[in-house]
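Please consult the sequence and the structure while working through them.

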Amino acid sequence: DAKEARDQIEALKAVMIIQHVDVGEMVDRDIISIAREKRDAVAVVMQIRQGALIGRQEFHLVADKEEDDDEIFRAFFTQYYNHQPNLPGEVFVPKETSEMELLEAMLTSLRGSRVRIVTPQIGEKVRMVELAAANARHLLDELLIQKRVHNERTSKMVTALKEQLKLSGSPRTMGCFDLSNTGETDAVGSCVYFDNGQPKKSEYRHFKIKGVVGQDDFSMMREVVGRYFHRINEEKKNPPDLVVVDGGKGQLSSAQAELNS
């Protein structure tokens, strides 16, 4: 029910935007605005062709901490227009940024005719830019709410796991081990890593079994777990809060024996 209500609200907002944009002149124009909070940013491009608003595009951007707002704008602007076949004659932006002349020259070259980048100062044109900015801010707020809800849900999952396993602390990081082999050859082990309930692929590890001859799952599990934690110690990383092994009591006992040795 909530999702249906949300979709209806968004549809009404889209209609209201179209109703409130009255260009009054036969122009091809884009209106760009970007809202940012820390590393999250949302860019909105309102497209006006022959005086009519034909669409609104939105993009979620991930910014580096060191990037300022001008750098984010220039990067988005360049990437966006390098992939647009139908370029406008003018682009409205909320404020002037450095390298504005270079951006104008780039668009003019791509379009084959003059393109102006304008920062409106008075009248209806300012309201158009403000409308794009309000859209960007609304979409960013919605994104941040979704991320917060997701993080809270993940935290509850971790807390529930702590309670189910009767652990002394929340298992925010987990290393999960499994083995795979074809008969007595080509045995491998793997570790899948989770951080606060989410897969963290940069910490995934793959091991080719080296020290076990034949199909001895217990010894192979001990080797894989041992090699993993040896590497963790060498790299001076924090070990996972919880270790999970696939198999039965034999694999579990082998992993425990290795960790206790």
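**Exercise 1.** Determine the volume of the largest pocket and identify which residues are closest to its centre.

Solution. Step 1: on a 1 Å grid over the protein atoms alone, a pocket is an open set of points with protein on both sides within 12 Å along at least five of seven lines, whereas a cavity is a set of points where a 1.4 Å probe fits but cannot get out. Grid points are joined across faces, edges and corners, and a volume is the space filled by probe spheres set on the points. Step 2: the largest pocket has a volume of about 250 Å³ in this predicted model. Step 3: 13 residues line the largest pocket, and the closest to its centre are Ile34, Asp69, Phe73, Pro94 and Lys95; a lining residue has an atom within 4 Å of a point. Step 4: β1 (29-37) and α2 (69-81) are the elements that give two or more residues to this lining, and β1 gives the most, with five. Helices (H or I, at least four residues) and strands (E, at least two) are DSSP runs, numbered from the N terminus. Step 5: the lining divides into seven nonpolar, two polar and four charged residues. Here Ala, Val, Leu, Ile, Met, Phe, Trp, Tyr, Cys and Pro count as nonpolar, Asp, Glu, Lys and Arg as charged, and the others, Gly among them, as polar.

Conventions. Residues are numbered from 1 along each chain as its sequence is written, and side-chain values use heavy atoms, with hydrogens and water left out. In this predicted model, local features need pLDDT of at least 70 and side-chain atom pairs count only at pLDDT 80 or more, while totals for chains, interfaces and linings use all residues.

**Exercise 2.** State which residues line the largest cavity and which helix gives the most to the lining.

Solution. Step 1: a search of the whole structure finds one cavity of 30 Å³ or more; the volume of the largest cavity is about 40 Å³. Step 2: its lining consists of Glu203, Arg205, Tyr228, Arg231, Ile232, Glu235 and Lys237. Step 3: by class, two of these are nonpolar, none polar and five charged. Step 4: helix α5 (residues 217-234) gives the most, with three residues.

**Exercise 3.** Explain why the structure holds zero disulfides, with reference to Cys176.

Solution. Step 1: a disulfide is a pair of cysteine sulfur atoms within 2.5 Å. Step 2: the cysteine sulfur closest to that of Cys176 is in Cys191, 6.9 Å away, which is too far for a bond. Step 3: Cys176 is buried (under 20% relative accessible area; exposed is over 50%, partly exposed in between; 1.4 Å probe, protein chains only), at 18%. Cys191 is likewise buried, at 1%.
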